[in-house]
Amino acid sequence: MTHAGQLPAEPVSVEFVSSAAREGAAGEVLLTVDDLNVWFGGRNGVHAVRGVSYEVRRGETLGIVGESGSGKSVTSMAVMGLLDKTARVTGSVQFKGSELLGLKDRGMSAVRGKKIAMIFQDPMTSLDPVYKIGQQIVETLRVHDKDISRKAARERAIDLLKIVGIPNPADRVDNYPHEFSGGMRQRVVIAIAMANNPDVIIADEPTTALDVTVQATVLEAIKAAQQETGAALVLITHDLGVIAGMAERVMVMYAGRAVEFGGVDDVFYRPRMPYTVGLLNSLPRLDVAEKERLTPILGTPPSLQNLPPGCPFGPRCPMHVAECNAAEPELRTVDGTMPHVAACIRAEELIGQDRYEAGQVFEATSADAGLAGELAAGALAADVSGASPDEPADEPPEPPVLGPPSGLGSPPVPHPPTDPTAPGHGAHE
Amino acid sequence: MTVQPSEMQLVVPSGEPENDTEFGTASRSQFRQAVSRFTRSWMSMTALTVFVLIVATAYIAPYIYKWKFNNPDPTALSVPPGKQGHILGTDETGFDLLARLFRGTQRDLLIILVSTSIAVFIGIIVGAVAGYFGAFADNVLMRFVDIMLTVPYLVILILACAKYPNTAGTALGIGFLFGLFGWMGLSRLVRAQFLSLKEREFVEAAHAMGASNFRIIFRHLIPNALSTILVFGTLFAATSIVAETSLTYLGYGVKPPDTSLGLLVSRGVDAVNTRSWLFYYPGLLILVIVLAVNLVGEGIRNAFDPRNNRVRD
Amino acid sequence: MGFPMLIFTLKRFLNSIFVLLAASFIVYMFAASQYDPLQKLRQQPQLQPGTIERQAHLLGLDRPLLERYWQWLSHLIRFDFHSIAFIRFNFGTDVNNTSVSTQLATRLEITMRMVLLAIVAAIIIAIIAGVISGVRRDKPIDFVVTILTFMLIALPTFFFAALLKQGAIYLNQHAGTDFKTTGDEDFGISTYGTHSEILHSQLLHLILPTISLALITTAAWIRYQRASMIDVLEADYLRLARAKGVRWPTVVRRHGLRNALIPLTTVVAIDVGALFGGAIITERVYVWHGMGEYLNIALGAQDINAVVGWVMVSAIFVVAFNLFADLLYAALDPRIRLA
């Protein structure tokens, strides 16, 4: 808590992070996403992505984590220009400084697969069932290089299959997708992605649909592809372990927004947003010998159809106080070895704690959830605030009330969703 | 001409049963959802309303209408529409066309009621037995279906009606025949759905709780295949009307003194140059009825299709 | 790839033979037990005693049903390696003691002109209209196509055929066109015309019936092709193809259309029996002397061999078409070949 006083009180813009990162890291900036917004379904539609910004550099790996429905896949689809025409996209997506948003099919096709390639979630359905895998790799080669001969393209396809670790590539090149297992098919998809030496590879949940046993080898194949091409990798997943092993920086998404963004060590060991804290502590720890209870985040993500004002994580947050309902918190710089931002008005209270200390708030909540979740949440929030004496003056400490927080008079606080049938369905039912 | 609904067109995704399927609740809540989706579609509701109105008129109006279908007006032979109090005119023997259209609609409703119930009943039973028990029963039944499908539907009907004009060639007889030879498509669909449904957890759970095969089929599997059955039933009803007109036109279907929409329009074909109203009005009525039934079927399919409210992540 | 395909073909072929055999048994038993070819004879006023029995014996009607079926079956197929088809069917003789096969061949040739042309036209229309409707889903063109297909599905075959005929007659009278509305060729042209004159006349007579049958048939196929196209457009592999940098029109053609065509083969195969039925009706409207007329005559005479021969020809057509569709399906979809 010692650094808390030195933090800028006003929200910082993302440009701050970007420029800071630009000085710190090597490699040219390849992909810049700025204030990306995506709406689905017209007027009363879903605001699926709400002001996401990031950039990636050559050779770097950026991880994007979040629950399903947090907008992480939609973000990458928007970058690739692969969303339905019914989706409305605003903001900016730049590749090496040139704008991609608003490009027509012709212009975007020249970028896709050549400059930015993508690996999709489900390898079982990603490959066209009626063409041999060789033909499908050759297609991506020939569409960007009209001069390459069929023979050369085929040779290259075999090489690519070899790089991603498919045995007997010279024979397998003439097989159909249904003759491969899921893991092998994902390798083919990776081979397609790296075929034209792209500058950026976006991998959207590349191992989610696979058996745990083959996940590691597929990740190896992705790493091999990245090394081979020197591409920047945007790795989207809900598997924190994957991010920890592969990424340098990580962006945590919740309800269509980035809620925490920083170096992977900072975010994983010193999370400053309660959602990240909860996410990390819902994983089993292998480094602790005794049995410990896992602490789930209770409730479900909010509907993106009509978000209430205030922090979207508020209803599920054990640190929730009345002020959280006032306005949606901006990303603000917090402590860290690399630029590190978090969107929580009470981030300062977590400073100085590691993820396990911070995670204790969740343990207590989930333990009492069945009895009086609301009460416990209020009490614990009070506890945490009570333990932080040097808070900024504009945030008066919560009195340790043991009653429901809604008794404070400020806008009615949504119930902590201890009841899974309570309103607030995910947008993806 | 499509005498039977193309079975491939009828493939309705059964919908992913939700987590709580142990007691078939998913299918019931899915049904409720489908009903609400159906009622919200103006197209489906319009079609249903039109159909209900036509049926109601066909049964109620004859009590009010001055002319009877079996009582010709000897003073008005071949009267064009609107003359001498005959709203849609008369035919060459003085029968009032509108009165005959009421009667014809009634007869066609009888036909589709009989044919659809029989076809749906046999189709479900054969499909359920083949799909649920598999192995030998499946082999025998599906081979039988193959054989039944070898001879064109219309040809089977012609063979039967030509031999027994007084039993098969009546409204009731045609209804029976349509049902008896029209169930094969549904049985294939039900079989395919049962094959995949019986592997699901809720069926295993029912087994584990000691439910009998009979109970599993009727309480768990058939409700889950409901969308397929409903859509088939609706489209089969529509094609039954079209098939009746075809059969009657070829001279093997309904014969006077009985009447049907098919008979009216078939006789209208011969009179098209001299008494064109006898051709166009029955044809128009058939078009409207069949269109309405088809749109209802389409509405049911859409209401059950879970892809309607899919949002991508 | 070759070997599994061969096994697949062989299996489907044997299955077809089995199904045809079973169908022939059922149809023969039905016809032979129910129909009475001598009913005309019986109605004659001065009948010599014993005439009926003699005639029945001559036609073999006094023998057991199974024996008659076996007789019929054992003479059914003759291999003739001098002809192109190398198989000749012998369906016996009709009540007038002429060969059923010869009669059917003439009739079939006439009907098949319409049927095959209509199938080809219907498939082409279904693909074009279905794909456009699916790709431009919920756009005006989709709306128009959908309305038209629903109308066509709702119209009885003969009603539509008669409407078309009326329209053509109207045009002939008022616009000076020369649509052929009756017959399968100009009357008597086969006796005096040259080869090309006959062909020309036949083609002109084909126009209206083929349009009528093709449109009535294609309506359901358009709906199906549209649904199949929409399904494929949402497929993951289409998204990957776009992510590879393939342009949208190419993606639709190379990946979308290619996959969306596969299910259509099944639908066409299933509907081909109905299409045969539709041809009979269309023939009646346009007064053709094809299969439909022959069936009518055969049924009127309760002619066992003629009826059974007729039904078997339609069954062979349906089964052969289904076999072809199965093989086409396997050729289009690599996943089937191993199954």
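**Chain B: B:Q106 and the side facing chain C**

Tutor: In this predicted model, B:Q106 sits in helix α3 (residues 97-133) of chain B.

Student: Why is B:Q106 called partly exposed?

Tutor: Count the neighbours. B:Q106 has 19 other C-beta atoms within 10 Å. Buried needs 20 or more, and exposed needs 12 or fewer. The count of 19 falls in between, so B:Q106 is partly exposed.

Student: Which residues does B:Q106 touch, leaving out those up to four places away in sequence?

Tutor: B:A58 and B:Y59. What makes these contacts is the cut-off: C-beta atoms placed from the backbone must lie within 7 Å.

Student: And what separates B:Q106 from B:V50?

Tutor: Their C-alpha atoms are 15 Å apart, and the two residues are 56 residues apart along the chain.

Student: What elements make up chain B?

Tutor: Chain B has 12 helices and 0 strands.

Student: How much of chain B is buried?

Tutor: Buried residues are 54% of its 313 residues.

Student: What share of the contacts in chain B with a separation of 6 or more joins residues 24 or more positions apart?

Tutor: That share is 73%.

Student: How many residues of chain B are in contact with chain C?

Tutor: 35 residues of chain B, against 42 of chain C. The elements giving two or more residues to the chain B side include α4 (135-148), α10 (226-249) and α12 (277-304). The largest share, 7 residues, comes from α12(B).

Student: What is that side of chain B like by class?

Tutor: It has 23 nonpolar, 9 polar and 3 charged residues.

Methods. Residues are numbered from 1 along each chain as its sequence is written. Chains are lettered from A and ligands numbered from 1 in the order in which they are written. This is a predicted model: local features need pLDDT of at least 70, side-chain atom pairs count only at pLDDT 80 or more; totals for chains, interfaces and linings use all residues. Two residues are in contact if their C-beta atoms, placed from the backbone, lie within 7 Å. Helices (H or I, at least four residues) and strands (E, at least two) are DSSP runs, numbered from the N terminus. Ala, Val, Leu, Ile, Met, Phe, Trp, Tyr, Cys and Pro count as nonpolar, Asp, Glu, Lys and Arg as charged, and the others, Gly among them, as polar.
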